[in-house]
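This report describes selected features of the structure shown below. Please keep the sequence and the coordinates at hand while reading.

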Amino acid sequence: MNVKALLLSLLLPLAALAQAPVIQISGANFRPLPLAVSAPLVQGDEAKAPAGKLDETLMYDLRASGLFQMLDRASFLADAKEGVTAGSIKFARWADVGAEALVKYTVAQENGELRVEARVFNVGSGREEFKTTHGAPVAVPHKLAHQVADAIYRHFTREPSPFLSRITYVRKSGTNRDVWVADWDGRNAKQVTKGGINLLPALGPDGQVAYTSYRQGQPDLFLQQEEGETVRLKTAEGQMATGVAFSPDGKRVAYSLADGESAQVWVADTNGGNRKRLTDTRYGINSSPSWSPDGKRIAFVSNRGGSPQVYVMNTDGSGVKRLTFQGNYNQTPDWSPRGDLIAFTARDERNAFDLFAVNVETGKITRLTQDQGNNEEPAFSPNGRLILFTSTRNGTPQLFVMTAEGNNQMPLPGQEKGAYLTPDWGR
Amino acid sequence: MGMGSNRGGGRVTMSEINVTPMVDVMLVLLIIFMVTAPLIQQGVKVNLPEAKAAPVEAAEKKLVLSIDAQRRVYIGEAEVALEELETKLAANAKAQADKELYLHADRDVPYGVVVDVMAAAQRAGVTNVGMITDPSAGGRASNKGKKEAKR
């Protein structure tokens, strides 16, 4: 071995160490990291209002991630004017509130742009670990907050956060059920449909929205490009099409097509071409398709065994395998983008709807929600770490988020009156 | 609850112990013990009382409340108004996880002030309070023993 190779072999473990995540998200050793986020140092009075909104969104993102024990600002002992560099911070005061990591950030406004400089410190060593700067127009402080939260999340986990992704859902208002698209936390919501009955929306990887609508009398599939017009998916001549799901590459859709006697799962290109029926049961229902992250398999619900259960099959319809054997009512499967789990809604022995996850390989079932109203319609975040769902624990169904293990259940902020239904998380 | 079910039966003996007063008493109680000072390096200067009682060796660092001779109260090295102490401690993740803190008070601080601080800590959910004392001047029995053993 020459000297160069020896040096390289010495350096490699160091490089790997530098890349190691601070927080190991999965595994038995996971413990939320006690994190103090100091209130922002705002430069200039005009930046105060947008900085307040930014702070609220940033704090929500970090709290909802489930990675951190977010320390209460009411306990903080540092001087309000304490600086944002390691030399000016009294780390003992942060250790005394239990912090292991500290985030400090400044907000400034220049020429209609809001700028954030955020730093992450290790309280024990008193060192600055990470610094990130971001800018966005003053009108969208939430967007800027998501960017800062994403940078902090990436620093601690070495993987992308869910904070820059989008969600879609149905909101009931009067007799209408409309499709909406929003930021991951439900803010910045935009109405996609204008009245009528619209159901079961799905978000494609390029921002396309597909949904079922009764605008032509019978349920049909519609597809709206992010900035474009709405086209009807020509997949459903004379039959009822519902429950569309995008393939991971966004080129194919799976959906359920019903006639008088049965409902079958079909796949097609997003323009309606290459239609193919995947299930073939004489009677009964096959519905709610969800793609595996590699695009090779589809999870779906079928009552071919007598009660609705979760099944998986290959995308050509072969290799059908039943996955759930407990309970007599399991539905709305959603395949984790990490591939290992399928979350679903089950009716338990007390007739309450709750969320469960089944391991695709072992069939092991884990309960995610319990004793808090009806919890339905799970949808995994793009990184597979969070699950969005609806819950009736506060009365009408609202959107909630929790970790993939069922911890840290929180409602999305700023939800208005009227039921929120059938969410989907853009991948 | 127990009494309501015995309506009309005047001679029925109450067989349950009424635990309410006992719980009240328990809530008022703080567990108090002595801690030696050298472990606790504090920025706040106080003249610690000397104590001959055998102190507890603190295994890990707990949150320290200091009261100096001017009756100023500190959490760690940060001065806190007495009125804010309860709020600060109730929100403090370290105090809430440990349920224990160390009191580092000057020997000339009136007993009433110490009790005020301890009461605030107790209302904030702290159950154990370690009283930091000065082992060097006071008769720290175990230390003397060690020295003698060395000779």
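## Basis and chain contact

The model is predicted.

## An open sheet in chain A

Four strands of chain A form an open sheet in the order β26-β27-β28-β29, with antiparallel pairing. Its edges are β26 (375-380) and β29 (410-411) of chain A, each of which pairs on one side only.

Strand β26(A) is joined to β27 (residues 386-391) of chain A by four bridges, in the antiparallel sense. Within this part of the sheet, Asn375(A) lies opposite Ser391(A), a residue of β27(A). In general, strands of a sheet pair through backbone hydrogen bonds, either parallel or antiparallel.

## The setting of Phe356(A)

Phe356(A) belongs to strand β24 of chain A, which covers residues 353-359. Is this residue buried or exposed? Phe356(A) is buried, because 24 other C-beta atoms lie within 10 Å and the criterion for burial is 20 or more.

Leaving aside residues up to four places away in sequence, Phe356(A) touches Phe344(A), Ala346(A), Ile365(A), Thr366(A), Arg367(A) and Leu368(A). Between Phe356(A) and Leu223(A), the separation is 133 residues in sequence and 30 Å in space, taken from C-alpha to C-alpha.

How values were computed. Residues are numbered from 1 along each chain as its sequence is written. Chains are lettered from A and ligands numbered from 1 in the order in which they are written. This is a predicted model: local features need pLDDT of at least 70, side-chain atom pairs count only at pLDDT 80 or more; totals for chains, interfaces and linings use all residues. Two strands pair if DSSP finds at least two bridges between them. Helices (H or I, at least four residues) and strands (E, at least two) are DSSP runs, numbered from the N terminus. A residue is buried if 20 or more other C-beta atoms lie within 10 Å of its own, exposed if 12 or fewer, and partly exposed in between; C-beta atoms are placed from the backbone. Two residues are in contact if their C-beta atoms, placed from the backbone, lie within 7 Å.
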